[in-house]
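Keep the viewer open and follow along.

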Amino acid sequence: MTFNIEKEVFGADRSTFVLHEDITQFAGMEEIGATVVAVYMRCLYDLLREANMCSMVGFIDPAQVSANAGSLTDRSRIVASRLQKTDGEQIFMMPYNPGRHWVLLIVRAKRETVYFLDPLPGNRVVDEEGKNIVNSALKIYNSHIGRPGRKAPIWKTLPGTPKQPSSVECGYYVMRFMRDIIMDPSLEFEKKFAKGKDQAPYPQAAIDEVRKEWAEFVCLHMD
């Protein structure tokens, strides 16, 4: 099933394919890939538009920046090209998969700050490659706006996110994180997820809400 994602969502028009296996994995609460996450981001873009929040929140295509999507340099340039479209305080949400696990990075270019949200419990640290991609992108961004910038961007782990109960829910949790963040027009996600202790899992109903939205959105846009 061909699915078109408009330029406004990720910075460039792109077509993707929702495969039979994407739908069966999604329906069975199995591990999901970048296409499923990207299509949900397109769904969330409609919510941003309705709330007049497109100037506050932007998206970076997970399929173009996750592991095996190209060289580190290429992926850094893709992130940088999105940041260069920022007008000040805009945040960019970047679901990232270093290999069989989804996390969410939130980049605030003006403040040279990156937030790391991981649905797995424990003291998690960002994958080194993911960190290098974003740090390099921020250097390119600083050069673009003529700012010397910090020696190194500020990375903040937000440990107070709900935690997945087993090994397969990470993609659904990252989708829910993004939804929770944009449903708060004040974008107080740092405060919301800053608690020091691991949190309980989402109730299944919260994950099912995201899955239902994805399914309805896909059905609506089927060619």
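## Starting at phenylalanine 10

Phenylalanine 10 sits in helix H1, residues 7-10. (Helices are DSSP runs of H or I with at least four residues, strands are E runs of at least two, and both are numbered from the N terminus.) This is a predicted model, so a local feature needs pLDDT of at least 70 and side-chain atom pairs count only at pLDDT 80 or more, while totals for chains, interfaces and linings use all residues. Residues are numbered from 1 along each chain as its sequence is written, and side-chain values use heavy atoms, with hydrogens and water left out.

Is phenylalanine 10 buried or exposed? Phenylalanine 10 is buried, at 6% relative accessible area; the cut-offs are under 20% for buried, over 50% for exposed and partly exposed in between, using a 1.4 Å probe and protein chains only. Beyond its neighbours within four places in sequence, phenylalanine 10 is in contact with Ile5, Ala38, Met41, Phe59, Ile60, Asp61, Pro62 and Arg82, where contact means heavy atoms within 4.5 Å. Arginine 211 is 201 residues away along the chain, and the two C-alpha atoms are 21 Å apart.

Now jump to helix H7, residues 170-182: its 13 residues should span 18 Å at 1.5 Å a residue, and the end C-alpha atoms are 19 Å apart, which agrees. (The expected span is 1.5 Å times one less than the number of residues.) H7 is mostly covered, with 13 of its 13 residues buried.

Leucine 187 is in the loop between H7 and helix H8 (189-192). With 12% relative accessibility, leucine 187 also counts as buried. Setting aside neighbours within four places in sequence, its contacts are Met53, Met56, Val57, Ile91 and Ile181.

## Arginine 108

Arginine 108 belongs to strand S5, residues 103-108. It's a charged residue by class, yet arginine 108 counts as buried at 10% relative accessibility. Again leaving out neighbours within four places, arginine 108 touches Glu89, Gln90, Ile91, Thr113, Tyr115 and Phe189, all by the contact rule.

## Aromatic pairs

How many aromatic pairs does the structure hold? There are 8. Rings of Phe, Tyr and Trp (its six-membered ring) pair if their centres lie within 6.5 Å; planes under 30 degrees apart are stacked, over 60 edge-to-face, and the rest tilted.

One of them joins phenylalanine 3 and phenylalanine 217: this pair is tilted, at 5.7 Å centre to centre and 45 degrees between the planes. It links distant parts of the chain, with phenylalanine 3 in strand S1 (residues 2-5) and phenylalanine 217 in helix H9 (residues 204-220), 214 residues apart. Both phenylalanine 3 and phenylalanine 217 are buried. Tyrosine 173 and tyrosine 202 have ring centres 5.0 Å apart and planes at 55 degrees, so that pair is tilted too. Tyrosine 173 is in helix H7 and tyrosine 202 in the loop between H8 and H9, 29 residues apart. Ring pairs also link Tyr173, Phe177, Phe193 and Tyr202 into a cluster.
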